[in-house]
Protein chains: 2
Amino acid sequence: MRIDCRDRGLQYGDGVFETMRVHQGRVRLLEYHLERLGLGCRRLDIAGPSLTALRRELERIASRRSEGVLKLIVTRGVGRRGYRPTGREKCTRILTLHALPKTVLSDASTPARVRLCAMPLGLNPRLAGLKTLNRLESVVARSEWSDARIWEGLMRDVDENIVCGTMSNLFLRSGPNLMTPVLDRCGVAGVMRRWVLQRAGELRLNVIERRIRWRDLSEAEEVFMSNAVVGLRSVAVIEHGRERLRHTLFETANQLRRRLDSL
Amino acid sequence: MRIDCRDRGLQYGDGVFETMRVHQGRVRLLEYHLERLGLGCRRLDIAGPSLTALRRELERIASRRSEGVLKLIVTRGVGRRGYRPTGREKCTRILTLHALPKTVLSDASTPARVRLCAMPLGLNPRLAGLKTLNRLESVVARSEWSDARIWEGLMRDVDENIVCGTMSNLFLRSGPNLMTPVLDRCGVAGVMRRWVLQRAGELRLNVIERRIRWRDLSEAEEVFMSNAVVGLRSVAVIEHGRERLRHTLFETANQLRRRLDSL
């Protein structure tokens, strides 16, 4: 599949995307994905596709597979040279269906090793939370390690707050408190993060969105991460240079994973 | 011209670009463009094209036109799903030749009106100075106004320092001092900015790279901006809400423009 080189998605990263899990022939958390896509288009003033038509299209494509990954890119479309959109662009929609990586199922319930990345996340409140096509920070951060035993990298903002993983969101539990980094200045607000926050009440957890520091990670009883494709993944080890934080409690992530699997 | 949808340039903005002025059948500041492209590829660990072959190609294409704009995009190439590059990608090279916008010649010596944008520039020292395909901040900033009489918008970082225009760099002159924002945390280090800094000595100007505030703009004797296609453009008015800063000295920009035109 090919697209026009003049597409602003390529020229400027002028677009948004969603990476969705297909499970039993259905898109998991489809409404959340559609809502975030719609929000991203509105915030960037992109005339996006009809969400009703898109929902039908995604459902139809997902029905071909029992398990898979569905990626949707929406760009502002083909434009003239220059940053300024004319407002008359017609958005481009790119849908691709991929096999579910084998490790997603085999590693789901194994607590992960993660590391702290050197690459910082730039602060920009106007783009914070959105899943835009400007993903170079994640690319550079993910390039920092090649050890396949390390599942994910944690990223900090330029003020050393820990914000999210390269492809996931972060949760810390201490007693009845479930903490997650506030995403008002940078980071992507994942659909699985939203689902966790909405389930917290059922697990009698108090949700606290705030700035998270390295010290908070060491003091937490339990650490886990969320991702739309992977679901919930417990964290057993966090590496930072020679330092190692170890966690041995995984009950909250396990409870959430059971609920997710029954969706 | 079309490219593969799996190209990481589209998927993640994983690449860099150069926008070059063709003047009398030659690429202006070609060596600076090649050097910045090479630096960007190295910093992102992209196996870029041979600069020798690229130089020949650009020269050949430029020779077809007396005036024009030549845009070169280099992406990491087609990749698998996921942020991590394998290191085996083959870079994609996209070259397009455009007509020179008429206003570039007609407005060159008219001092411009510019405005202060609300959209901030995110801080990321690791990407600062590079001209990457992650340009959403410039797109959103450039979308803030549609008044054709306003030529450019100035962008601030999240700490209110004035860093650059959406498509240009900024200079302030006071007496023998030529100041320009330091680009260690964000902003694009333009090739024309580099050329100006290297010519400053000939004009007996002391170059000072530092943080620039709104107050510095009001205290400067002369303000001008640089861009590879436009060259040098004096600034007569800077708007910020209802506030207006007015400048009436344009001699440094005029001197530099004469030198540039004789290249």
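Biologist: How do strands S2 and S4 of chain A pair?
Modeller: Strand S2(A), residues 15–23, and strand S4(A), residues 67–75, run antiparallel, with nine bridges between them. Strands pair when DSSP finds at least two bridges between them. Strands are DSSP E runs of at least two residues and helices H or I runs of at least four, numbered from the N terminus. This is a predicted model, where local features need pLDDT of at least 70, side-chain atom pairs count only at pLDDT 80 or more, and totals for chains, interfaces and linings use all residues. Residues are numbered from 1 along each chain as its sequence is written, and chains are lettered from A in the order in which they are written.

Biologist: And what stands opposite A:Val16?
Modeller: That's A:Val74, in S4(A).

Biologist: Which strands sit at the edges of the sheet?
Modeller: S3(A), residues 26–27, and S5(A) do, each pairing on one side only. The open sheet has four strands in the order S3-S2-S4-S5, with antiparallel pairing.

Biologist: Switching topic: how many residues of chain A are in contact with chain B?
Modeller: 40 of them, against 41 residues of chain B. Contact means C-beta atoms, placed from the backbone, within 7 Å.

Biologist: Which element of chain A gives the most to that side?
Modeller: H5(A), with six residues; it spans 136–142.

Biologist: What do the S1 strands of the two chains do?
Modeller: S1(A) and S1(B), residues 2–4 of chain B, pair antiparallel over three bridges. There, A:Arg2 has B:Asp4 as its bridge partner.

Notes. Two residues are in contact if their C-beta atoms, placed from the backbone, lie within 7 Å.
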